[in-house]
Amino acid sequence: MASPTVLRHGSISVVDYDCDAGPDDRPYTEHHAGYCVSYVRSGSFSYHTRGRSFELVAGSILVGHPGDEFVCSHDHTRGDQCLSFHLAPEVVDTLGPSALWRTGSLPPLPELLVLGELAQAAAEGRSDVGLDELGWWFASRFVEVASGRKPKPLAGGALDRRRAVKAALWIDAHAHEAVDLERAASEVGLSPFHFLRLFANALGVTPHQHLLRARLRRAARLLTDEERSITEVAYEVGFGDLSNFVRTFHRAAGVSPRDFRRAARGERKIFQVR
């Protein structure tokens with residue numbers, strides 16, 4: 001089974017599982033190392049845990065509790081793909097009762113599958129929402145659905161707005177560095193999930209979206225400087241690799257960084273053609 005970890009932070013990690021097991025492969029017992037909630041992207045398999053069996057198909061949710069034994073078998077078809085969010089115990093404590101994480105599975109539900117697909121898009125670099133943010137949203141939404149309780153709406157008072165603005169200014173100043181949700185939240189003394197809700201409620205964008213836009217603003221300024229290469233601009237503003245920068249810039253501006261630089265030199269037809 002190929003299982004690349006696409007994100008690893010202090011309290012959350014994301015693993016993209018790609019299993020090729022089929023009906024002829026003998027299943028074996030495994031253990032959940034921690035809390036996890038997984039979105040089944042494709043395929044089908046049976047999930048056996050705590051004396052119960054679940055049939056999972058595309059859109060289903062697999063739920064894991066630390067220490068629980070489980071067996072996955074592929075009796076009907078070969079292979080499956082899952083995007084799995086692994087959460088630290090302190091994260092689960094902020095979301096709701098830990099007993100919910102012994103639910104085992106949930107069927108395909110619109111409240112979760114749309115977030116699952118958005119998370120997959122983020123994992124593949126096709127969204128400007130942060131994958132860690134989506135992990136928090138996904139886990140929180142699972143708790144809401146499994147418990148039947150909706151989260152309390154944020155009051156959005158003056159203190160919350162000040163914290164959101166303070167965090168936004170800090171992100172602007174540190175956008176060229178490796179900034180994640182936990183680091184930004186710690187600057188204003190909040191848990192990542194509460195900070196994510198507060199920030200989005202006050203400013204209308206998520207912290208990661210604000211971070212990307214801060215980097216893009218600076219990149220647009222630097223691209224007018226002919227002495228800097230596009231690669232230098234990408235790394236200077238905080239992107240980890242050139243291809244990610246080019247893809248993100250093009251998605252935002254509608255033109256590549258190279259064409260944007262040409263437009264800055266006066267070739268206005270570039271934007272007219274676009």
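Helices (H or I, at least four residues) and strands (E, at least two) are taken here as DSSP runs, numbered from the N terminus. By that definition the chain has 11 helices and 9 strands. This is a predicted model, in which local features need pLDDT of at least 70 and side-chain atom pairs count only at pLDDT 80 or more, while totals for chains, interfaces and linings use all residues. Residues are numbered from 1 along each chain as its sequence is written, and side-chain values use heavy atoms, with hydrogens and water left out.

## Overall view

The C-alpha trace of the chain spans about 70 × 50 × 30 Å along its principal axes. Of its 274 residues, 46% count as buried, where buried means under 20% relative accessible area, exposed over 50%, and partly exposed in between (1.4 Å probe, protein chains only). The accessible surface comes to about 13700 Å², and 51% of that belongs to carbon and sulfur atoms; such areas come from the Shrake-Rupley method with a 1.4 Å probe, and for residues only the protein chains shown count as cover. Among contacts (heavy atoms within 4.5 Å) with a separation of 6 or more, 67% are between residues 24 or more positions apart.

## Nonpolar cores

A nonpolar core is a set of buried Ala, Val, Leu, Ile, Met, Phe, Trp, Tyr and Cys residues joined through side-chain atoms within 4.5 Å. The largest has 50 residues, and those with the most contacts inside it are F85, L95, W101 and F195. Helix α3 (residues 131–147) gives the most to this core, with 7 residues. Leaving aside neighbours within four places in sequence, L95 is in contact with L87, W101, W136, A139, S140, V143 and F193. A second, separate core of 14 residues includes I230, A234, V255 and F260.

## Pocket and cavity

Both kinds of space are found on a 1 Å grid over the protein atoms alone: a cavity is a set of points where a 1.4 Å probe fits but cannot get out, a pocket is an open set with protein on both sides within 12 Å along at least five of seven lines, and lining residues have an atom within 4 Å of a point. Grid points are joined across faces, edges and corners, and a volume is the space filled by probe spheres set on the points. For the linings, Ala, Val, Leu, Ile, Met, Phe, Trp, Tyr, Cys and Pro count as nonpolar, Asp, Glu, Lys and Arg as charged, and the others, Gly among them, as polar.

| Space | Volume | Lining residues by class |
|---|---|---|
| Largest pocket | about 690 Å³ | 15 nonpolar, 9 polar, 8 charged |
| Largest cavity | about 50 Å³ | 4 nonpolar, 5 polar, 4 charged |

The largest pocket is lined by 32 residues, of which L7, L131, H208, R215 and N244 lie nearest its centre. Elements giving two or more residues to this lining include β1 (5–8), α2 (110–123) and α9 (242–253), and α7 gives the most, with 5 residues.

The count of cavities of 30 Å³ or more comes to 1. Of the 13 residues that line the largest cavity, the closest to its centre are T49, R50, D68, R102 and G104. R50 lies in the loop between β4 and β5, and its phi is near 50 degrees, a positive value in a residue other than glycine.

## A buried loop residue

T206 is found in the loop between α6 (192–203) and α7. T206 counts as buried because its relative accessible area is 9%, and, not counting residues up to four places away in sequence, T206 touches E133, L196 and F199.
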